[in-house]
Amino acid sequence: FMDENSLTAARPYQMTAGRELRLECNVFVRESVNVIDCVREHFHLNGIIPPPPKARDYKKSVELDIETYLDRAWSPKHGAWAHSSSAEEKWTFYSELVALALWRASLFAKDAALKARLRGCVESAIAAHGAVGGLSMAYFRGNFATELDLAKGRLDKLVAAQQPDGGWAADDATIRRREKPLVGVTAENAAALLHSGLLIGDRHHLEAGTRALRFLDGFDRPSGLRVWDVHEKSPDLLAAAHLIAAYLDLYRVTSNPARLERAVYWAWAGLPFVYLWHAHNREVMRYATVPFFAVTLMDKKPWFGVAAQWNGLTYARQLWHLGRYDRTARWHRIGRS
């Protein structure tokens, strides 16, 4: 009896004689400036809802990935994959995650021709990318020493660009006030440095990442990452994912419970971006993720209610890792869903 996105009834509701109609709701009121309190209460009242039914099984999902990246998204002209329906060239670029997905698929491909196509596509993309595939690809293709040096060099540049307070500004010439440190940018860089320090024991990377977290200790909102798209103070789910990763890796290094506590805080801070309910005819809404609570600066369209699931997958991966160390919430179950 109501139209979608409307606030008032569009037509009378047809009631059936002799049938009971009951409307129920919960109202949560608390003096707080943090939305996390509401999310905690929601889980207390409703528990963890099950994920929506799968649209397809794992095998068919892999087949769809292969079809997408070998044919639909692949650009032979650029030797790269399109990441948007836009015709602008900036959205067609090499992605190590796509390369990894195709190479992994080649390991299980039974058809020799398909295996050759998968690896040929990856090799073409890497060749067009200056023969640099990324450190993770080196585990499959070799050339590990070279890739490690390149990765270390990029991180060394981050250390050199770190500001005295431990933060980083947005590295984009189109953004005003580039000298201002931002939460999300700092979290992303700190996560990369601390992960490097954890894996190879680089003391300089660990020290830089630790300084960054001292700076981040003073903030409670995940924001300030993709400032080319939204305002720097707009809440951003991807920033929350980087914050979990950074604090969790420092906890792994130091065993300091305060660092784990902060990782847990940022995990809760990411949940407001996750649909924990669904309309009666839209089960797919459950666990869909909104990337921002903001309006894009590019065409002024709102991101509210628009799902961008790759943001959620990045966040979910960090929940999986967090679930190994914290039992205050069922992080692994939420991440899987």
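The questions below go from the whole chain to single residues.

Biologist: What kind of model is this, and what pLDDT do local features need?

Modeller: This is a predicted model: side-chain atom pairs count only at pLDDT 80 or more, totals for chains, interfaces and linings use all residues, and local features need pLDDT of at least 70. Residues are numbered from 1 along each chain as its sequence is written, and side-chain values use heavy atoms, with hydrogens and water left out.

Biologist: How many helices and strands does the chain have?

Modeller: Both are DSSP runs, numbered from the N terminus: helices are H or I with at least four residues, strands E with at least two. The C-alpha atoms fill a box of roughly 75 × 50 × 40 Å along the principal axes. The secondary structure comes to 12 helices and three strands.

Biologist: What share of the residues is buried?

Modeller: Buried means under 20% relative accessible area, exposed over 50%, and partly exposed in between (1.4 Å probe, protein chains only). The chain has 337 residues, and the buried share is 39%.

Biologist: What part of the contacts with a separation of 6 or more comes from residues 24 or more positions apart?

Modeller: Contact means heavy atoms within 4.5 Å. Counting contacts with a separation of 6 or more, the part from residues 24 or more positions apart is 53%.

Biologist: At what angle do the axes of α7 and α8 cross?

Modeller: Helix α7 covers residues 183–200 and helix α8 residues 203–216. Axes are lines fitted to C-alpha atoms, for helices over the stretch in contact, and angles run from 0 to 180 degrees between N-to-C directions. The two axes come within 8 Å and cross at roughly 145 degrees.

Biologist: Which residues of α8 make that contact?

Modeller: On the α7 side, the contact includes Val183, Ala190 and Leu198. On the α8 side, the residues are His205, Leu206, Ala208, Gly209, Thr210, Ala212, Leu213, Phe215 and Leu216.

Biologist: Is Asn189 buried or exposed?

Modeller: Asn189 is found in helix α7. Not counting residues up to four places away in sequence, Asn189 touches Leu158 and Trp168. Its relative accessible area is 11%, so Asn189 is buried.

Biologist: Which residues does Leu118 touch?

Modeller: Leu118 is found in helix α4. At 0% relative accessibility, Leu118 counts as buried. Leaving out residues up to four places away in sequence, its contacts are Ile66, Leu70, Leu102, Ala105, Ser106 and Ala109.

Biologist: How many salt bridges does the structure hold?

Modeller: Side chains of opposite charge can pair when their charged atoms come close. A salt bridge here is a side-chain nitrogen of Lys or Arg within 4 Å of a carboxyl oxygen of Asp or Glu. The structure holds 17.

Biologist: What is the N to O distance between Lys59 and Glu63?

Modeller: Both residues lie in helix α2 (residues 58–72), four residues apart, about one turn of the helix. Lys59 is exposed at 56% relative accessibility, whereas Glu63 is partly exposed at 40%. Their side chains meet in a salt bridge, N to O, at 2.6 Å.

Biologist: Which residue pairs with Arg72 in a salt bridge?

Modeller: Arg72 is exposed, with a relative accessible area of 62%. The N to O distance is 2.7 Å, and the partner is Glu67.

Biologist: How far apart in sequence are the parts tied by Glu123 and Arg141?

Modeller: Glu123 forms a salt bridge with Arg141, the closest N and O atoms being 2.9 Å apart. Glu123 lies in helix α4 (residues 112–128) and Arg141 in helix α5 (residues 135–141), so the pair ties together parts separated in sequence by 18 residues.

Biologist: Is Ala87 buried or exposed?

Modeller: Ala87 sits in the loop between β2 (80–82) and β3 (92–93). Ala87 and Ser255 are 48 Å apart in space, C-alpha to C-alpha. With a relative accessible area of 79%, Ala87 is exposed.
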